[in-house]
Amino acid sequence: MWTSTQYRRLVRGSAWYDLIVTAAFATPWSFAALHGLMTAISQTLNLPGELPAFEPMHMLMANLLGSVVCIWAVLRIRDPQLIYGRYDAVARFLFAAWQGYALLHGASALLLIFLFFELAWGIAQVLPVRAPSLASQLPQGSEV
C-alpha cells in the first residue's frame, strides 16, 4: 500500500521513464536512429522475431505515439495526481496487451524489455493508496 506522497513520486517516476524511453519516437529523425540501434542490438544478440524496416505510415504511427506519450509524461511530471496514475496503469495494460499480441505474431523479442516495464509500472500504479489521516489535513502552524 502506498502513501499519497509515495504514489505521487511513483506517478512522476513512471512519467520520467516514459519521457526518456519514448522521446526518440517523437520525430522521424530520432526514431530512425533508435530503429537502427534496436536493429543492431537485435542482430548482435541474435534475438528471435522481426524488426522490419519502417515505411512512411509506420513512421507516422511511431511519431504519433511518441508525441502523445511525451505530452502525457510531461503532464504527469508537472502534476502527478492519483487519478493520472490510475489512467496510466490502464494505458500500460493496454500497451502490454498489444505488445504481447505483436510478440505472438513474430515481433522482435526485444519487445520483451518494454513489456516487462509496462507491466511493472502498471501493477505498481494499481496498488492501493492509503487515504491521508484527518490530522494531516489540518493547516500547519495554526492554533486550534
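Let me start with what I mean by a helix: helices are DSSP runs of H or I with at least four residues, strands are runs of E with at least two, and both are numbered from the N terminus.

A word on the background. What you see is a predicted model, where local features need pLDDT of at least 70, side-chain atom pairs count only at pLDDT 80 or more, and totals for chains, interfaces and linings use all residues. Residues are numbered from 1 along each chain as its sequence is written, and side-chain values use heavy atoms, with hydrogens and water left out.

Now the overall picture. The protein has five helices and zero strands, giving the pattern α-α-α-α-α along the sequence. Its radius of gyration is 19 Å, well over the 15 Å that the globule rule gives for 144 residues, so the protein is more spread out than a compact globule. That radius is taken over C-alpha atoms, and the rule is 2.2 Å times the number of residues to the power 0.38. Along the principal axes, the C-alpha atoms fill a box of roughly 65 × 30 × 25 Å.

How much of the protein is buried? Buried residues make up 30% of the 144; here buried means under 20% relative accessible area, exposed means over 50%, and partly exposed is in between, using a 1.4 Å probe and protein chains only.

Let's move on to helix 4, residues 82–104. Its 23 residues should span 33 Å at 1.5 Å a residue, and its end C-alpha atoms are 33 Å apart, which agrees. The expected span is 1.5 Å times one less than the number of residues. Among its buried residues are Y84, D88, R92, A96 and Q99. The buried residues of helix 4 pack against helix 1 (4–22), helix 3 (56–78) and helix 5 (111–126).

And that brings us back to E118. Is E118 buried or exposed? It is buried, with a relative accessible area of 8%. Leaving aside neighbours within four places in sequence, E118 is in contact (heavy atoms within 4.5 Å) with R92, F95, A96 and Q99.

Finally, a look at the backbone. Most residues other than glycine have a negative phi. N46 is not a glycine, yet has a positive phi of about 55°. N46 lies in the loop between helix 2 (28–44) and helix 3, and is exposed, with a relative accessible area of 66%. Just after helix 4, G106 also takes a positive phi, of about 100°.
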